[in-house]
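Have a look at the picture and the sequence before you read on.

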Amino acid sequence: MMKETIRTMTSPVGLNSAPQHPYLIIQCYSCGKLLLARSGQKTKLCTYCNTRLNIFRVRVLARAPTAKAASRIVIALKDRPDKRLD
Ligand SMILES: [Zn+2]
């Protein structure tokens, strides 16, 4: 009987091109509100103040694998009393 060697735990983290957490929780640098963005996006229009945000310039507060998880994180971050606006 042939014994197969299956490598399941050897895939290096970070070399795979598919992002595991494509949803970004970002903070608008104009009004300070929290927004969701996809990691493939270059810009994001703030729904609160209509500022076009450069994804590479905004502060990424968290990442999430799904939109549902992302919105949960947004709610949790909003509840934090120590959140400060820059
Ligand atoms: Zn804004």
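The protein chain has 86 residues, and 12% of them are buried. Its make-up is one helix and five strands, and the order along the sequence is β-β-β-β-β-α.

**How confident is the prediction?**
- Across the protein chain the mean pLDDT is 82, with 71% of the residues reaching 70 or more.
- Strand β4 (residues 52–54) has the highest confidence, at 97, while helix α1 (residues 67–79) has the lowest, at a mean of 92.
- Then there's the stretch of residues 10–18, where pLDDT stays under 50 and the model has one contact beyond four places in sequence.

**Contacts across the chain**
- Take the contacts in the protein chain with a separation of 6 or more: 46% of them involve residues 24 or more positions apart.

- Strands β1 (residues 23–27) and β2 (residues 34–38) run antiparallel, and five bridges join them.

**Cys-28, in the loop**
- You'll find Cys-28 in the loop between β1 and β2.
- Is Cys-28 buried or exposed? Cys-28 counts as buried because it has 20 C-beta neighbours inside 10 Å, and 20 is the number needed for that label.
- Leaving out residues up to four places away in sequence, Cys-28 touches Lys-33, Leu-35, Cys-46, Tyr-48, Cys-49, Thr-51 and Leu-53.
- One of those partners is Cys-49; the C-alpha atoms of Cys-28 and Cys-49 are 8.8 Å apart, with the two residues 21 apart along the chain.

**Tyr-29, in the loop**
- Tyr-29 also lies in the loop between β1 and β2.
- Tyr-29 has 15 C-beta neighbours inside 10 Å, so it counts as partly exposed.
- Which residues does Tyr-29 touch, not counting those up to four places away in sequence? They are Leu-53, Arg-57 and Val-58.
- From Tyr-29 to Arg-52 is 23 residues in sequence, and 10.0 Å in space from C-alpha to C-alpha.
- Look for Leu-53 in the model, as Cys-28 touches it and Tyr-29 touches it too.

Notes
Residues numbered from 1 in each chain as written. Predicted model: local features only at pLDDT ≥ 70, side-chain atom pairs only at ≥ 80, totals over all residues. Pairing = 2+ DSSP bridges. Helix = DSSP H or I, 4+ residues; strand = E, 2+ residues; numbered from the N terminus. Contact = placed C-beta atoms within 7 Å. pLDDT = per-residue confidence, 0-100.
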